[in-house]
Amino acid sequence: MDSKNSQSTAFCVRSATPEDIPALMRLKRLLAQDENALHAVRAGEADWRRDGFGPDAGFLAFVAEDSSGVIGMATCSRRAVTGWNGPVIFLQDLFVEPQSRQHGVARALMARVAALARDVGSPIVELTVRADNPAQNFYMRAGFQPLPHCLTFVLAGPALAALADQDSETLALAG
């Protein structure tokens, strides 16, 4: 048996605490590295503390840990959708250390997010995944369904600035 398969599979999933911020940041960087998006990770420890654990926290985090420490994370946020009754839970990040995969860690983290959604009255858990991400099969096995008729668009960089500059309030304030 190789060392990967002989590893202990005992782990627990719990709500993250501010003490977990370094581990969350490390896992976020590993996730971004896997997606060739490391350049987009800009938040420092103070940002994580404010945005995830401050009085106006914008996201929730869960960690999976074993005897070696934190081995996985899920981050999610609530968002309001007009016309819906209750919030929608958006799964932002799901990542498990490569050596801890294939032991149910990611599924346990997703189950915790699903329990949160149920508890707050969210009718769905939503996520966005890159078209080339092989995790799509994992998500579908867990019960997620793709919405092929929906596309995700973003407005960023110079296009964001150019459109914002067209705002009449912005123009009035500048004048």
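1. Basis. Residues are numbered from 1 along each chain as its sequence is written, and side-chain values use heavy atoms, with hydrogens and water left out. Because the model is predicted, local features need pLDDT of at least 70 and side-chain atom pairs count only at pLDDT 80 or more, whereas totals for chains, interfaces and linings use all residues.

2. Confidence. The mean pLDDT (the predictor's confidence in each residue, from 0 to 100) is 90 for the protein, and 92% of the residues reach 70 or more. Confidence is highest in strand E1, at 98, and lowest in helix H1 (residues 3–6), at a mean of 42. Residues 1–7 have pLDDT below 50, and this stretch has nine contacts in the model beyond near neighbours in sequence. Where pLDDT is low, the predicted coordinates should not be read in detail.

3. Overall layout. The protein has seven helices and five strands; helices (H or I, at least four residues) and strands (E, at least two) are DSSP runs, numbered from the N terminus. Their order from the N terminus on is α-β-α-α-β-β-β-α-β-α-α-α. Along the principal axes, the C-alpha atoms fill a box of roughly 70 × 35 × 35 Å. Contact means heavy atoms within 4.5 Å; of the contacts with a separation of 6 or more, 61% join residues 24 or more positions apart.

4. Burial and surface. Of the 175 residues, 29% count as buried. Buried means under 20% relative accessible area, exposed over 50%, and partly exposed in between (1.4 Å probe, protein chains only). The protein exposes about 11400 Å², with carbon and sulfur atoms supplying 55% of it. Those areas come from the Shrake-Rupley method with a 1.4 Å probe; for residues, only the protein chains shown count as cover.

5. A nonpolar core is a set of buried Ala, Val, Leu, Ile, Met, Phe, Trp, Tyr and Cys residues joined through side-chain atoms within 4.5 Å. The largest one has 19 residues, and Phe 62, Leu 94, Leu 109 and Val 113 have the most contacts inside it. At least two residues each come from strand E2 (60–66), strand E3 (69–79), strand E4 (88–96) and helix H4 (105–120). H4 gives the largest share, seven residues. Another core, of 14 residues, lies apart from it and includes Ile 21, Leu 24, Ala 61 and Val 70.

6. Leu 109 and Val 13. Beyond four places in sequence, the contacts of Leu 109 include Val 13, Phe 62, Met 73, Leu 94 and Val 96. Val 13 lies in strand E1 and counts as buried because its relative accessibility is 14%. With residues up to four places away set aside, Val 13 touches Phe 62, Val 63, Ala 64, Ala 108, Leu 109 and Arg 112.

7. Asp 20. This residue sits in the loop between strand E1 (12–15) and helix H2 (21–34). Asp 20 has a relative accessibility of 6%, so it counts as buried. Leaving aside neighbours within four places in sequence, Asp 20 is in contact with Arg 14, Ser 15, Val 63 and Val 70.

8. Phe 153. The loop between helix H5 (135–141) and helix H6 (157–165) holds Phe 153. At 69% relative accessibility, Phe 153 counts as exposed. Phe 153 and Gly 72, 81 residues apart in sequence, are 28 Å apart from C-alpha to C-alpha.
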